[in-house]
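Morning, everyone. Let me put the structure up, and then I'll walk you through it.

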There are 2 protein chains.
Amino acid sequence: MHMTPDEFRTYGKQVVDWIADYRGGIENHPVRAKVRPGEIRAGLPAHPPDRGEPFDRLLADLDERILPGVTHWQHPDFFAYFPANATGPSILGDLLSSGLGVQGMVWATSPACTELETVVVDWLAELLGLPPGFRTDGPGGGVIQDSASSAALVAVLAALHRVSGGTVGDEGISRRYTIYVTSETHSALEKAGRITGIGARNVRVVDVDPSTLAMDPAHLAALLEADTAAGAVPALVCATIGTTSTTAIDPVAAIGEVCQAHEVWLHVDAAYAGVAAVCPELRWINEGVAEYVDSYATNPHKWLLTNHDCTVLWVTDRAPLIGALSILPEFLRNPATESGAVIDYRDWQIPLGRRFRALKLWAVLRWYGAEGLRAHIRSGIELAGGFAALVAADDRFELHEPRHFGLVCFRPKWTDERIMALLERLNESGELYLSHTRVHGRVTLRFAVGSTSTTAQHVRDAWAAITAAVAQAGPR
Amino acid sequence: MHMTPDEFRTYGKQVVDWIADYRGGIENHPVRAKVRPGEIRAGLPAHPPDRGEPFDRLLADLDERILPGVTHWQHPDFFAYFPANATGPSILGDLLSSGLGVQGMVWATSPACTELETVVVDWLAELLGLPPGFRTDGPGGGVIQDSASSAALVAVLAALHRVSGGTVGDEGISRRYTIYVTSETHSALEKAGRITGIGARNVRVVDVDPSTLAMDPAHLAALLEADTAAGAVPALVCATIGTTSTTAIDPVAAIGEVCQAHEVWLHVDAAYAGVAAVCPELRWINEGVAEYVDSYATNPHKWLLTNHDCTVLWVTDRAPLIGALSILPEFLRNPATESGAVIDYRDWQIPLGRRFRALKLWAVLRWYGAEGLRAHIRSGIELAGGFAALVAADDRFELHEPRHFGLVCFRPKWTDERIMALLERLNESGELYLSHTRVHGRVTLRFAVGSTSTTAQHVRDAWAAITAAVAQAGPR
């Protein structure tokens, strides 16, 4: 009944071959799935099987019934959203985690799961040139979360714990707490405001500089003063290094000065761009982090070659984080926890259970080494730079600047409606996949480079497809 | 630099063999790791490598430096906590998810990821005999979460949304909301109370029946009346089917009547035991669910043969859940979402990003079929019954009853201190691994059967080890 180790060998190798074939032949698929809502579901049985089926049949159905509904995020012509690098070493590290099947909720339930995590998050902090205060051998430390959204949520909870002296967790929210974002901040912060009982209306929107789209520290200071005067308790400011929309960079140092003056928690959401600091020439993006930041999150599962899910969150002081999230029921009591000599990462996150996710990050950092990580980031930036140069040289288009990292935001000099129609036509072709945003209210296309398989030729072909579609649409 | 498809074939097959060897030889390891705090970390390099390393070296280090710190949850002599079944088909389904590397945050970003999830959660509802109102073709539906903790959190948020008419998310918590648990409820509910701004003091503890440890519906009614009279707004009651401590079963039907009278959201946490309802003879555990329940969560990643993470949460009305969690930034706008014809599961969970987790549940349900799933649950119950019979026949021990499912709670007729010392001695031996809880304040041992590799002989050997240790300690 159960799959034996020998059956696992046989089917496991079939699956490995399936993935290698899929990756090797990924360009045979349209990038974006060409299915209507409900089409995949309609092709699957309405009821589960009574008797077990051989694994081969699942692989056959995967090809016939599932793949047509898959949008291929690992395709070299995938330029939408942000990259979601799922590389060989990370997949195999994750496979080892599944094979071991351990629960790392507390140190005692599988010590290596906790200790390897501490090692790799310290390694990553070093690779990114992050401040020593983020290392786990002091009062701070790092932890792997499932997403930057969850990292932001626990940062808000830690900030609330600190500013309220722990009363929010014990007694609930009984006064007006505020958090500070901009129009460009990820929606996860508003979501955190809703989840924590702060309320969306208390998620205050600080002005941005109209050209850079970066937070205006003077307006932040003004809002903090006005809110404090009105009786609110500012809990957290979120600065973003590399916004989702355009990769804008908030001025962390200037924001940090304001936060320090007002004693407000400063969280940095560097979900996409933080990993770029593996390159010494890009460490400037973290200016002010060492001096002012309480928490910082970046996603190896976007651009740093690690498959989902793997966000790393660091804090300079783990006490308020643990204070906000720790509850110790009897069934989890154990001598190691009571001794205080170990880390129990369940107290650093929302869920209790946790996979051995450190294995995949360990596999990535070792397979690539610092040199390989840097080469990957530089390649994405160079390819994006090439694309931006093509856009800039064509006067039918506007290029959004300043431009950083692997994302190019641009638009034909058209109405929003025409651009959205163009986008849909391009994506329907299956030859490439772009996404969009709005900059100052106007539809803008997003071309994000960073897949491990994208080459200069793919970028040139994409530009050819875009310009051909624009030419075909004609002037108006 | 990147691992090529052919390198992936080579290393992938090595990893598959590594896992097959590990599983085949798992009994050569002590169940619980024999390491001191910091020992694993000390054996790893303090700094990340500059240059990439071959994958073989990682596998060698896994054996030499990591495995000594691993507690083996898949070991047949692992009887602690609850089982965390990580079976072949689930591991391979998860591997396919990693290999595809798609993001299923909204339908449009990979339609099959969403639609297969809808299919498998509907299948599982059918397999468990759950009410038709949980199916996705009505106003309700199911979703895969990372944990029962997160499922409880989003249930609380949905309940707050409904009872406040949406004002909690928009304006924040501005009055006293209460939720209802017992001393036996999982700590995740208190954690949800802390996270959502309700506050731990507003997590009200309902009395339990002293013999069954099940919630007392009359006391629940009394608390609801008193709290309402005092101006509080009851938001959610959590009933548990199979508590973490002793697998006690709250009387859902009687609790549901009270909830209905008070118009309070009823969440059922059936994290461990819910999956047992694959067996028709165990469907009685869900009595009252069809009539009264608003949300229901169970964990295939515990006892239903699916590797972590895979909790399924169902709701009878998805509107308040989506109302509590949906925010639509421009970069995620797309025609399918705007049409309302599709499900965007990111609105059913805390994080934005999501893996293609449906693949592993699909693989499990197809490999085993209903018959195989039932055989696994029945085997665990039968083995636990055999162990309980041994305990009951030995008058040096007390057996906790009523007893359900695959867990046996028991204690030598000793002081708490002696029992804790016995537990530590047994676990240190590496021959078996138990955990403990407190029942009516007294230390009680937990023997949870449910690993796929545990046989009647393992159970007999465990009993022999326990009785030998008790005999060795002698009477006092």
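I'll take the interface, then a sheet, then a helix.

This is a predicted model: local features need pLDDT of at least 70, side-chain atom pairs count only at pLDDT 80 or more, and totals for chains, interfaces and linings use all residues. Residues are numbered from 1 along each chain as its sequence is written, chains are lettered from A and ligands numbered from 1 in the order in which they are written, and side-chain values use heavy atoms, with hydrogens and water left out.

Interface. 154 residues of chain B contact 154 residues of chain A; contact means heavy atoms within 4.5 Å. The two chains bury about 13,500 Å² between them, 64% of it on carbon and sulfur atoms. That is accessible area (1.4 Å probe) lost on being put together, summed over both parts. On the chain B side, Phe331(B), Arg366(B) and Trp367(B) lose the most area, together 6% of what that side buries. Arg366(B) also forms a salt bridge with Glu53(A), at 2.7 Å, N to O. The term means a side-chain nitrogen of Lys or Arg within 4 Å of a carboxyl oxygen of Asp or Glu. Between the chains the count is 18.

Now the sheet. In chain A, seven strands run β1-β7-β6-β5-β4-β2-β3, open, with mixed pairing. Strands are DSSP E runs of at least two residues, helices H or I runs of at least four, numbered from the N terminus. Pairing takes at least two DSSP bridges. β1 (141–145) and β3 (203–206) of chain A are the edges.

Last, helix α4 (residues 88–100) of chain B. 13 of its 13 residues are buried, so the rest of the structure largely encloses this helix. Buried is under 20% relative accessible area (1.4 Å probe, protein chains only). Gly101(B) follows, with a positive phi near 60°.

Terms used:
Buried means under 20% relative accessible area, exposed over 50%, partly exposed in between (1.4 Å probe, protein chains only).
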